[in-house]
Amino acid sequence: MNYNSYWTDRRTVRKYSDRPVSDALLNEMLQKAAHAPTTGNMQLYSVIISRTQEEKRALAPAHFNQPQVEGCAAVLTFCADLNRMTEWCNARKADPGFDNLQSLIAAILDTALLAQQFNTIAEQNGLGVCMLGTTTYNAPQIAKALGLPTLVVPVITLTVGYPAESPEDCGRLPVEAFVHYVRYRDYTPESIDELYRDKEERQDSKGFVAENDKETLAQVFTDIRYPRSNNEHFSDVFKEYLEAAGIKI
C-alpha cells in the first residue's frame, strides 16, 4: 500500500467478496488497535464480533437492514464498557464511580478511538470497512441481540470484509471549513456559500436533490436523511436505554 496516498484515497466499502477474514487476523488487528489513546489507560470498551449469517441477520433489523450487514465477512460492534472496570474495582476493594455521564463520555471517546484505529489497520491490510451510524439509534435491540449487561453501551458498528467494489470519492469539505486558529471563527452566509460550493456542485449531490424532489442539498439532510422528528425520537429511545443500562444521566 502507498501510505502517502492512503489518506486521500480511502473509501467506505459496502459490497464485499465471499473471501473470509480469519479470526487470527481480526484479533491481530484489534490488538494493534488497542494501542490507540485511551482515558487513563482504562480501555473502557469491548468489541462483539458477529460472523455467522444467523448472527449478522439478528443485527440487520437494528441497522435498518442495510445490505452490508449480512453481506460482510464480520460485523464488529464497538461498545462503551463501564462494566468491566466496575467489576475489577469491586473485586479489588475499590469503590467504583463509573455509572454516570462523565464516565460514559470517557468510554465513548475510548471506543471511538479504538474503532477508528481498527478501521485504519483493517484498510491497510486490504480490507474494506463501513461505519454504520445506526448503532445508537436502536441500541436496545442491539444490546438484546448481543447479550450486553448493564453499563455496556453499543456505540459504533463496523462491517468488514474484502472489497467487491471500488467506490468513487464522495468528497470532503475543505480544511478551511473546520480549522480555526486561536478562537472559533463563526460562519457568515458568504463563507457558507464558499465552503459548501464544491459539495453542492457535485453531480451526485445534484442527483440526490433531484431524486428527492428538493430545492437544496441541505433539505435532503433535514427532510429525508435526518429529519428532526427522527432525531428527537431516537434521542428519547437512547436516553431511556442509557437509564435502563445503569447510566445516571
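**Exercise 1. Find which exposed residues sit on the face of α11 turned away from its buried side**.

*Solution.* Let's take this in steps, remembering that we are working with a predicted model.

Step 1: Locate the helix. α11 covers residues 228-244, and its 17 residues reach 24 Å from the first C-alpha to the last. That is close to the 24 Å expected at 1.5 Å a residue.

Step 2: List the buried residues, meaning those under 20% relative accessible area. In α11 they are Phe234, Phe238, Tyr241 and Leu242.

Step 3: Look down the axis. The buried residues of α11 fall within an arc of 100°, so they line one face of the helix.

Step 4: Facing away from the buried side of α11 are the exposed residues Arg228, Asp236, Glu240 and Ala244.

**Exercise 2. Work out what covers the buried residues of α11**.

**Exercise 3. Give the order of the four strands in the open sheet, and name the edge strands**.

*Solution.* Step 1: The order is β1-β2-β4-β3, with antiparallel pairing.

Step 1: β1 (45-50) and β3 (128-132) each pair on one side only, which makes them the edge strands.

Step 2: Check one pair. β3 and β4 are joined by five bridges in the antiparallel sense, and valine 129 stands opposite valine 160 in β4.

Note on methods. Residues are numbered from 1 along each chain as its sequence is written. This is a predicted model: local features need pLDDT of at least 70, side-chain atom pairs count only at pLDDT 80 or more; totals for chains, interfaces and linings use all residues. Side-chain values use heavy atoms; hydrogens and water are left out. Helices (H or I, at least four residues) and strands (E, at least two) are DSSP runs, numbered from the N terminus. The expected span of a helix is 1.5 Å times one less than its number of residues. Buried means under 20% relative accessible area, exposed over 50%, partly exposed in between (1.4 Å probe, protein chains only). The arc is that of the directions from the helix axis to the C-beta atoms. Contact means heavy atoms within 4.5 Å. Two strands pair if DSSP finds at least two bridges between them.
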